[in-house]
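Q: Could you walk me through this structure while I have it open?

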2 protein chains.
Amino acid sequence: MADPSKPAHAEDSGLAVKRGKPTLRTIAEITGLAVTTVSRALSDAPQISIETRRRVREVADEIGYSPDRAAQRLKTGRTNVIGVLLDPHEEILGYGTSIMSGIAKALQGTAYHLIVMPNFLNSTNVEAVNYITRNGMADGLIFSRTEPLDPRVRLLSDLGFPFVTHGRTELSTPHPYVDYDNFTFSYQATKRLIAKGRRKPALISGPADFTFAGHLQHGFMTAVREAGCAYEILSGIDLDSPAGAIRDRVRQRYAEPDPPDSFMCGGEVCALATITGMSDCGLTLGREYDIVAKQTSHLLSAIQPQVETIYEDLTATGEDMGRVLLQKIGGESDVSKLQLLLCPQIPSSFGTAG
Amino acid sequence: MADPSKPAHAEDSGLAVKRGKPTLRTIAEITGLAVTTVSRALSDAPQISIETRRRVREVADEIGYSPDRAAQRLKTGRTNVIGVLLDPHEEILGYGTSIMSGIAKALQGTAYHLIVMPNFLNSTNVEAVNYITRNGMADGLIFSRTEPLDPRVRLLSDLGFPFVTHGRTELSTPHPYVDYDNFTFSYQATKRLIAKGRRKPALISGPADFTFAGHLQHGFMTAVREAGCAYEILSGIDLDSPAGAIRDRVRQRYAEPDPPDSFMCGGEVCALATITGMSDCGLTLGREYDIVAKQTSHLLSAIQPQVETIYEDLTATGEDMGRVLLQKIGGESDVSKLQLLLCPQIPSSFGTAG
DNA sequence: TGCTGAATTTATAACGTTTTAAATGGCCAG
DNA sequence: CTGGCCATTTAAAACGTTATAAATTCAGCA
């Protein structure tokens, strides 16, 4: 079958398959086809006959061919890489790892790889984004800790570079996002505290910079207003504060008059720190006060079953973000299809009857 | 200065810099040099005159040139990528994120990028390693959860593929690793319990598969033997068990005769779960029993100051692993220079006098 | 037979870099 | 002025892939 008149590279053609990783040329030599044909066949181009496609695929599988990503990337300009901006703040309770697991799951079976761009290389996150886009280091970007007027979102939107955020913005140009409905979570959680008979819930919210802090606050306020009860938004700390700081602040607050009788905590660490602070003051969870918290691992409910929790599945979130980004890269232009608001799973024990 | 007699590519030479990312050719056109010369100059080859090198670097900086990684990779075969095998078990308390932050810090300023290879794509970790090496997806690999006869280490050693493990093996061929001295940690921690007057410490160890579990156990046993006191290694659970399981097991153990009076916990979650279990039995930390634990975040000591903790800095570990791997890739062949055993920082309050 | 067009395959060039080998030019000894 | 040597620069090829345009085959039909 093979044409022996071809002089080119005939040196080692006796060995059918050269030493080393098989390439398109290896397959071409085996099948007697041209490299171009093999390339086409493997990408299932309609111009190649069915029979040829089948045979090429067969040989490729047999010799364990897999395309050279560097060459593809050089030729096509596509990197087949999804970048994740990793924030140092995300170290606690596996936020980053869960999200990445999810993204990886979504990327499984595609040609895409996940690469981590820790943002502390560049002093600001915007610089990191700039660097990545200018140097064509990825085909798409995923990041979190979204701000209402997030400059990264602005930049990427302007450039038309595909991305998905974890969290929404308040920018006028819509963009792909996946977000947890923190309003509903906060609203339901606060209502739950009130349903338990508490009359002055306190909110420990996210850092003011981030969009989700506003949502938490909004849900909280809606619930307390509906009930017409007192409330407090704990100042000086937020969900990013170290546990020790939260604990101290809670203790300090109880030394002052008219303290809250319950807490809405946006995170597990926050809840644990709050409990410790209250315990320092001799107060017992479930008796003198209550807590409802959001949980992203299963730690809190195992350690402190007294805390009512609502679970946010970050791995699922990552998976959604991966899927959405792939759709975006794939050319989906209807942005509304690329915006996901995940509903909190309210436990059935949460009666909504006030 | 520029020679106008050169006809090649003169078509758009009026625009000095073509649209798009600058390449070596862009610099060549600007300086009037050949592409080869520019390439050489940028890599500081001694055969290029100092003056030329300076000028080329200057122009490169000015137009913001950065080499195309895909092209470099295709040509040289080097990927400039470090892969990290991420384990789903590592979700808790930011293990993965901390390590990655550290690695990224070590890679900062080098040509290397960090790419995450979640192992759940391939059913086993060995398959993932196989895939990565066979397809030349990285120049080096980092992974953790090392087993005494780790098959990944075997495979990579055989292939001569650069890697660093977090944790040691018991294989005869030495390999680069970074490890925490869990023996010393466990030994000192257990001695501390005994110094506090406890007479039956219990160990909650790592999963038996992993090398570090043996180290923990060895340190523990050495301390109890020296003191000649009773001891117990809690069966049925380990550091990977969910908090709820640890809590249940502890509670159950206290329903049986002759329970331990103190705990050596290898992790924060474990310590918290143990405290909850004991509390269920009406026992108070610091009064009826004591705990010493290893801490990798600062959560535990903030939440439960009664627990004496020894801190393990995972970010520093990651940084070390990154550095070691770079040395290995750089050709360092003296393996002993690539093996780091990090010493636990024993708090000064830990008197060693029994 | 010879022409047309469809179906299938192919040669060639290109992506941006590095490597190998060769060219250029200056300088000095003979 | 020839030849040789050094320092410096250069042309050409290659890495493995895909895009463009061209070639080949073959059937149908005048």
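The chat below goes from the overall make-up of the model to particular residues.

Q: Before the details, what kind of model is this?
A: This is a predicted model, and the values discussed here are computed from it.

Q: OK, how many helices and strands does chain A have?
A: Chain A has 13 helices, together with eleven strands.

Q: And what share of the residues in chain A is buried?
A: Of the 354 residues in chain A, 52% are buried. As for the contacts in chain A with a separation of 6 or more, 63% of them are between residues 24 or more positions apart.

Q: How does chain B superpose on chain A?
A: Chain B is brought onto chain A by a rotation of 180° with 0.1 Å of shift along the axis, and the RMSD of that superposition is 0.1 Å. The two copies are thus related as by a two-fold rotation axis.

Q: Through which surface do the copies meet?
A: They meet through the same surface, because 100% of the interface residues of chain B are also interface residues in chain A.

Q: Switching to helix packing, at what angle do H2 and H3 of chain A cross?
A: The axes of helix H2 (residues 35-42) and helix H3 (residues 50-63) of chain A cross at roughly 90° and come within 9 Å. H2(A) and H3(A) are therefore roughly perpendicular to each other.

Q: Which residues meet there?
A: From H2(A), the residues are A:Thr37, A:Val38, A:Ala41 and A:Leu42, and they meet A:Thr52, A:Arg53, A:Val56, A:Arg57 and A:Ala60 in H3(A).

Q: What about H2 and H3 in chain B?
A: In chain B, helix H2 (residues 35-42) and helix H3 (residues 50-63) pack at an angle of about 90°, and their axes are 9 Å apart. H2(B) and H3(B) are therefore roughly perpendicular to each other as well. On the H2(B) side, B:Thr37, B:Val38, B:Ala41 and B:Leu42 make the contacts, and among their partners in H3(B) are B:Val56 and B:Ala60.

Q: Now the rings, how many aromatic pairs are there over all chains?
A: The count comes to twelve aromatic pairs over all chains. One of them joins A:Tyr180 and A:Phe185, whose ring centres are 6.2 Å apart and whose planes are at 55°, so this pair is tilted. Both A:Tyr180 and A:Phe185 are buried.

Q: And how are the rings of A:Phe263 and A:Tyr289 arranged?
A: Their centres are 6.2 Å apart and their planes stand at 90°, so the pair is edge-to-face. The pair links distant parts of the chain, since A:Phe263 is in strand E8 (residues 262-265) of chain A and A:Tyr289 is in the loop between helix H11 (268-280) and strand E9 (290-295), 26 residues apart. A:Phe263 and A:Tyr289 are both buried.

Q: Back to A:Phe185, what lies over its face?
A: A:Lys294 lies over the face of A:Phe185, 5.2 Å from the ring centre. In the other chain, B:Lys294 lies over the face of B:Phe185, at 5.3 Å from the ring centre.

Q: Which backbone angle stands out at A:Arg145?
A: A:Arg145 has a positive phi of about 55°, although the residue is not a glycine. A:Arg145 sits in the loop between strand E3 (140-143) and helix H7 (151-159) of chain A, and with a relative accessible area of 17% A:Arg145 is buried, because the cut-off for buried is under 20%.

Q: What is phi at B:Arg145?
A: Phi of B:Arg145 is near 55°, again a positive value in a residue other than glycine. B:Arg145 is in the loop between strand E3 (140-143) and helix H7 (151-159) of chain B, and B:Arg145 is buried, with a relative accessible area of 17%.

Q: Next one, is A:Gly318 buried or exposed?
A: A:Gly318 is buried, with a relative accessible area of 0%, and this residue is found in helix H13 (residues 314-329) of chain A.

Q: Which residues does A:Gly318 touch?
A: Leaving aside residues up to four places away in sequence, A:Gly318 touches A:Ile99, A:Gly102 and A:Ile103. A:Gly318 and A:Ile99 are 219 residues apart in sequence, while their C-alpha atoms are 4.4 Å apart in space.

Conventions:
Residues numbered from 1 in each chain as written. Chains lettered and ligands numbered in written order. Predicted model: local features only at pLDDT ≥ 70, side-chain atom pairs only at ≥ 80, totals over all residues. Heavy atoms only, no water. Phe/Tyr/Trp six-rings, centres within 6.5 Å; stacked < 30°, edge-to-face > 60°. Buried < 20%, exposed > 50% of the residue type's maximum accessible area, 1.4 Å probe, protein only. Helix = DSSP H or I, 4+ residues; strand = E, 2+ residues; numbered from the N terminus. Lys NZ or Arg CZ within 6 Å of the ring centre and 35° of its normal. Least-squares fit on C-alpha atoms with pLDDT ≥ 70 in both. Contact = heavy atoms within 4.5 Å. Axes fitted to C-alpha atoms, helices over the stretch in contact; angles between N-to-C directions. Parallel < 35°, antiparallel > 145°, perpendicular 65-115°, else oblique.
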